Amino acid sequence: MAPLLRLCGEVRHSMVDGPGVRYAVFLQGCPHHCKGCQNPETWDPDAVPLTPADEVLERIRNEKFLDGITLSGGDPLMQPEAAKYLADGAHALGLNVWCYTGWLYEDLVSGKAGSSPADAAAKQDALNSMDVLVDGPFLLEQLSKQSIYRGSSNQRLIDVKKSLAAGHAVLWEV
């Protein structure tokens, strides 16, 4: 059964949230509250009603000319089961998956990201379904218009599969 998710919005053909043409899904809820955040309306986890994740996946399935999907927000890992469901569904469609999170990769893999051990484990499980993770909080003082696919220079583009195999963060290559 598909999980329910709190959906803030969707962009059918984004070209700024990763390479190629992407379906961007903005999930509601974020604990990071970064100064200068471009989406502060996504912070409140209860601000929008629940939506069946399979409805979102069906819209992705019906879209043409996509190279991948991007999970953003808010922080999509606040809803790890829904993020994993969307990522796995996108992979089944032959699409790659990018995920933006305010948590650091190292905290996600070590189980330090989350409000409980079960929450941290769910975030780890969702991470396993991502191709590229854009990690770290947005830092206004490190705003960079030269940093491709990220807002501040502290954020990293991490190749998740290579990182998990290597046992440390491996940066994604353009």
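This is a predicted model: local features need pLDDT of at least 70, side-chain atom pairs count only at pLDDT 80 or more; totals for chains, interfaces and linings use all residues.

Visitor: Let's begin with His 33: why is it called partly exposed?

Guide: His 33 has a relative accessible area of 44%. Buried means under 20%, exposed means over 50%, and partly exposed is what lies in between, with a 1.4 Å probe and protein chains only. So His 33 counts as partly exposed at 44%. Residues are numbered from 1 along each chain as its sequence is written, and side-chain values use heavy atoms, with hydrogens and water left out.

Visitor: Where is His 33, and what is its phi?

Guide: His 33 is in the loop between strand S2 (22-27) and strand S3 (50-52). Its phi is near 50°, a positive value in a residue other than glycine. Helices (H or I, at least four residues) and strands (E, at least two) are DSSP runs, numbered from the N terminus.

Visitor: What makes Phe 65 buried or exposed?

Guide: Phe 65 has a relative accessible area of 71%, so it goes down as exposed. Phe 65 sits in the loop between helix H1 (53-61) and S4, and it too has a positive phi, about 70°, without being a glycine.

Visitor: And what about Gln 79, buried or exposed?

Guide: Buried, because its relative accessibility is 12%. Gln 79 belongs to the loop between strand S4 (68-73) and helix H2 (80-92). Leaving out residues up to four places away in sequence, it touches Leu 4, Leu 5, Arg 6, Leu 27 and Gln 28, where contact means heavy atoms within 4.5 Å. Gly 74 is in the loop between S4 and H2 as well, and the peptide bond from Gly 73 to Gly 74 is cis, with omega near 20°.

Visitor: How do you know whether Ser 152 is buried or exposed?

Guide: Its relative accessible area is 0%, so Ser 152 is buried. It lies in the loop between strand S6 (132-135) and strand S7 (156-159). Beyond its neighbours within four places in sequence, Ser 152 has contacts that include Pro 137, Phe 138, Leu 139 and Gln 142. Leu 140 is 12 residues from Ser 152 in sequence, with 6.9 Å between their C-alpha atoms.

Visitor: How much space lies in the largest pocket, and what makes it a pocket?

Guide: About 610 Å³. On a 1 Å grid over the protein atoms alone, a pocket is an open set of points with protein on both sides within 12 Å along at least five of seven lines, whereas a cavity is a set where a 1.4 Å probe fits but cannot get out. Its volume is the space filled by probe spheres set on the points, which are joined across faces, edges and corners. Lining residues have an atom within 4 Å of a point. The largest pocket has 31 of them, and Gln 38, Ser 72, Tyr 100, Phe 138 and Gln 155 are the closest to its centre.
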